[in-house]
Amino acid sequence: MAKKMISIWFFIGLLLTVYGVLILGAGIYDLIVPGRHNVVLRELHAGVWWGALLIVIGIVYLVFFRPKRTGK
Amino acid sequence: MQNPGSLMSLNGVDMAIVALYFVVVLAIGFYLKRFTKTGNDFFMAGREMTSWVAGLSFVAANLGALELMGWAASSYQYGILAAHWYWIGAIPAMLFLAIVMMPFYYISKTHSVPGYLQLRYGNSSRSLSALCFGVMTVLMSGINMYSMALVLKVVLGWDIHFSIWVSSITVALYVALGGLLSAIFNEVLQFVLIWLGALLIPIIGLIEAGGWGNMVAKIQQNFQGDYTHLWRSIGSFSDNPMGIHWTGIVFGLGAVLSMGYWTTDFLVVQRVLAAKDLRSAKMAPIIGAGFKMMVPFIVILPGLLGLAVMPGLVGEAEALATGGHSYNEVLPLMMGRYLGPGLLGLGITALIAGFMSGMAGNVSAFATVWTYDIYKPLRKKPLSDGHFVSVGRWCTILGVLVSIGTAYLVMEFASIMDYVQALFSFFIAPLFPTVLLGMLWKRTTSAGGFWGLLAGTVSSIGMWIWVKVDPSALRIIALSPGAKAMAENMYRGLWSCLICAGVTIAVSLLTKPKPESALNGLVRSCTVLPSEKHLTLFRRPAFWAGVVFVVFVFLNVLFW
C-alpha cells in the first residue's frame with residue numbers, strides 16, 4: 001500500500017457536514033412551518049441544534065484530516 | 001407518505017440521508033480497491049491500522065442486528081440486567097484479549113484464529129475450527145440480513161426482498177472491492193453514525209422522563225419487580241425477570257461465553273490483527289472496551305425509558321393477537337416518538353449501518369477463513385498471492401449469496417432467530433479453552449487440542465438436543481427447572497467449556513508434547529515478549545487497561 005490514502009476521518013467529516021446541513025435545514029423549515037410533525041418535546045427543536053453540531057464536528061474532521069498535497 | 005401497517009414514514013430529507021449513506025459506503029469501497037493488491041492488503045488490511053481505527057472497528061463489527069434492536073427490546077423485557085452483556089459480558093474479556101492473548105496472535109503472524117490453531121496444534125484442529133466458524137458466520141450473516149429487512153418492513157413498510165437484496169449487494173460490493181480494509185473503514189463510519197443517530201433518543205428521553213431518578217420512579221409505578229438494579233435481584237432464579245442466577249452471569253457469561261466470543265471469534269479478532277504494530281494491537285481492544293462500556297447509553301437506556309414513558313408493550317405473540325405493539329419494536333417506537341424530519345433519517349441510517357457492519361464483519365471474516373484455512377490447504381500446488389486475492393473476492397460474493405439463502409431460510413423458520421445464542425455456545429464456548437490452554441500451557445498437545453475442541457462442540461450440541469427432546473433436562477443443565485433460554489445458553493456454554501478443558505488436559509497428559517523450540521511465539525513460557533519499559537506510563541496498554549477496569553467496576557457498583 002505505497003500510495004497515500006485519504007483518512008477515513010475525512011470521509012466521516014464530509015458525510016457529517018452534508019448530514020448536518022440537511023438536518024439543520026429540515027429543522028429550520030420545521031421551525032418556520034410548525035405543526036407538520038408531532039414528536040414529543042418538539043419545542044426543543046432538536047433538529048436545529050443537532051444539525052449544527054454535526055456541521056461543527058464534520059468541519060473539524062474535514063480540516064484536520066484533509067488530504068495533504070505533498071505525500072510522503 | 002406512510003405505508004399501511006408501518007410504524008412511521010420518511011420524508012424527502014430522511015430518504016436523502018439514507019440514500020447518501022449507501023452512496024458513500026460504495027464510494028469508499030471503489031476508492032479503496034486501488035490499495036488492495038496483495039493478500040496482506042485484502043485479508044489483513046495491510047496490517048497498517050492505527051489502534052483507534054482497529055479498536056472502533058472491533059466494536060462496530062459486533063454492533064449488528066441483535067445489538068441495536070435486540071438489546072433495546074431485552075432491556076424493556078428484562079430491565080437493566082441486559083447491561084450485563086455489555087459490562088461483565090464484554091469488558092474483562094476484551095481486556096484479557098489485549099493484555100494476555102493478543103501478543104501471541106500478533107507475534108505468530110497468523111491471519112486468523114484457525115490459523116493460530118494450525119500453528120499450535122496442526123491441521124485437524126484448524127480444519128474443525130474453520131468449518132465450524134464458516135457455518136456460524138454464514139448463519140449469523142443471514143440472520144443479520146433478515147433482521148434488518150424485517151425491521152425496515154415493520155418500521156417503514158419496505159418490501160422485505162428489496163431490503164435483503166439492496167443491503168447484501170452493497171455489502172458484497174464494498175467488501176469484494178476493498179477487502180478487510182473496506183470493511184474496517186466502513187465499520188468506523190458506521191460506528192460514528194450509530195452513535196450520532198441513536199444518541200438523541202436517551203437525551204430527549206431523559207428530559208421527558210425528568211432525569212434518571214424520575215425514570216426509575218415511573219418504572220416502579222408501571223411495573224412490579226426490580227428492573228433497575230444489576231446485581232441485587234439475581235441472588236435467586238425467581239427474583240428477576242430473566243430467571244437467571246448470578247453464577248450464570250459471572251461464570252457462564254463473564255468467564256466462558258464472553259471470553260470465548262471476544263478472544264476467539266475471528267469476526268472481532270480479525271479487526272485487531274490488522275493493527276500496525278503490537279502496541280496498537282493491544283491498545284485496540286482496550287479502546288474498544290472503553291466505547292463498549294458506553295453502548296448501554298444508546299441501547300439499554302432507550303429500553304428503560306420505554307418502560308417509563310411507554311408502558312404496555314407486550315411480547316411478539318400477544319402483540320400479534322391483540323394488534324398492539326411488541327417490545328421488540330421499542331427502539332423504532334422511541335425514534336418515532338422523539339425524532340423529527342432529518343433526525344429520523346439519521347436514526348434509520350444508524351440502524352441500517354448497524355446491520356450492515358455486522359453483515360460485512362461476518363462476510364470479510366468468512367472470506368479469510370474460507371480462502372486461507374479451507375481452500376488453501378486443499379490445493380497442493382503453490383499458487384500466487386494474486387490467485388488468493390481473487391479467491392477472496394469470489395468468496396465474499398459467495399458468502400453473501402449463501403447468507404441471502406440463509407436469510408430466506410430464517411424467514412421460513414422464524415424460530416431459527418432464537419438459536420443465535422445457542423450457535424455461540426456450540427462453536428465459541430469450546431474454542432476458548434482450546435486457544436487459552438494452547439497459549440498458556442506448553443504441555444498441551446496436538447491431539448489434546450483437537451479432541452478437546454471436538455468433545456466441547458459435540459457435548460454442547462448434545463446438551464441442546466437433550467433439552468429439546470426432554471425439557472426436564474433443563475434442571476440438570478441450567479441447575480434450575482425455572483431457567484429461561486438465556487440462562488440455559490449460559491450454563492450450556494459453561495459445561496461445554498469445562499468438558500473441552502478436561503478432555504484437552506487429559507489427552508495432553510497421555511500424549512507427547514511438541515518440543516519447546518517449536519512453540520516459540522505461540523506459548524507464553526516459550527516466548528520472550530517485547531518489553532514495554534521504554535514506554536511512558538500513558539503509552540502503556542496495561543495502564544489504560546487498568547483505567548478501563550476501574551471504570552467498569554465503578555459502573556457495576558453504581559448500578560448495583
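How many residues of chain B are in contact with how many residues of chain A? In this predicted model, 40 residues of chain B touch 27 residues of chain A.

The size of an interface is often given as the accessible area lost when the parts come together. For chain B and chain A, the buried area is about 3100 Å², and 84% of it lies on carbon and sulfur atoms. Salt bridges between the two chains number 0. Polar contacts do occur across the interface: 5 residue pairs qualify, with both partners at pLDDT 80 or more.

Which helices of chain B supply at least two residues each to the side that touches chain A? They are α1 (12–32), α3 (51–60), α8 (160–198), α9 (200–209), α16 (330–338) and α17 (343–378). The largest share comes from α1(B), which gives 8 residues. Sorted by class, this side of chain B consists of 29 nonpolar, 6 polar and 5 charged residues.

Rolling a probe the size of a water molecule over the atoms shows where empty space is left. Here the count is 5 cavities of 30 Å³ or more.

The largest cavity holds about 170 Å³ of space. Its lining is made of 17 residues, and those nearest its centre are A:Asp30, A:His45, A:Ala46, A:Gly47 and B:Gly340. In chain A, α1 (8–32) and α2 (46–64) each contribute at least two residues to this lining. By class, the lining of the largest cavity has 10 nonpolar, 5 polar and 2 charged residues.

The second largest cavity has a volume of about 100 Å³. Around it stand 13 lining residues, with B:Ser129, B:Cys132, B:Phe133, B:Phe427 and B:Leu431 nearest its centre. Three helices of chain B, α6 (113–121), α7 (123–156) and α21 (446–469), each supply at least two residues of this lining. The most come from α7(B), with 3 residues. The lining of the second largest cavity divides into 9 nonpolar, 3 polar and 1 charged residues.

Side chains of opposite charge can pair when their charged atoms come close. Over all chains, the structure has 6 salt bridges. One of them joins the side chains of A:Asp30 and A:Arg42, at 3.6 Å from N to O. Why does this pair tie together parts that are 12 residues apart in sequence? A:Asp30 sits in helix α1 of chain A, while A:Arg42 belongs to the loop between α1 and α2 of chain A, so their pairing links those two parts.

How values were computed: Residues numbered from 1 in each chain as written. Chains lettered and ligands numbered in written order. Predicted model: local features only at pLDDT ≥ 70, side-chain atom pairs only at ≥ 80, totals over all residues. Heavy atoms only, no water. Contact = heavy atoms within 4.5 Å. Buried area = accessible area lost by both parts, 1.4 Å probe. Salt bridge = Lys/Arg side-chain N within 4 Å of Asp/Glu carboxyl O. Polar contact = N/O pair within 3.5 Å; in protein donor to acceptor, adjacent residues only side chain to side chain. Helix = DSSP H or I, 4+ residues; strand = E, 2+ residues; numbered from the N terminus. Nonpolar A, V, L, I, M, F, W, Y, C, P; charged D, E, K, R; others polar. 1 Å grid on protein atoms, 1.4 Å probe; cavity = no way out; pocket = protein on both sides within 12 Å on 5 of 7 lines; lining within 4 Å. Points joined across faces, edges and corners; volume = space filled by probe spheres on them.
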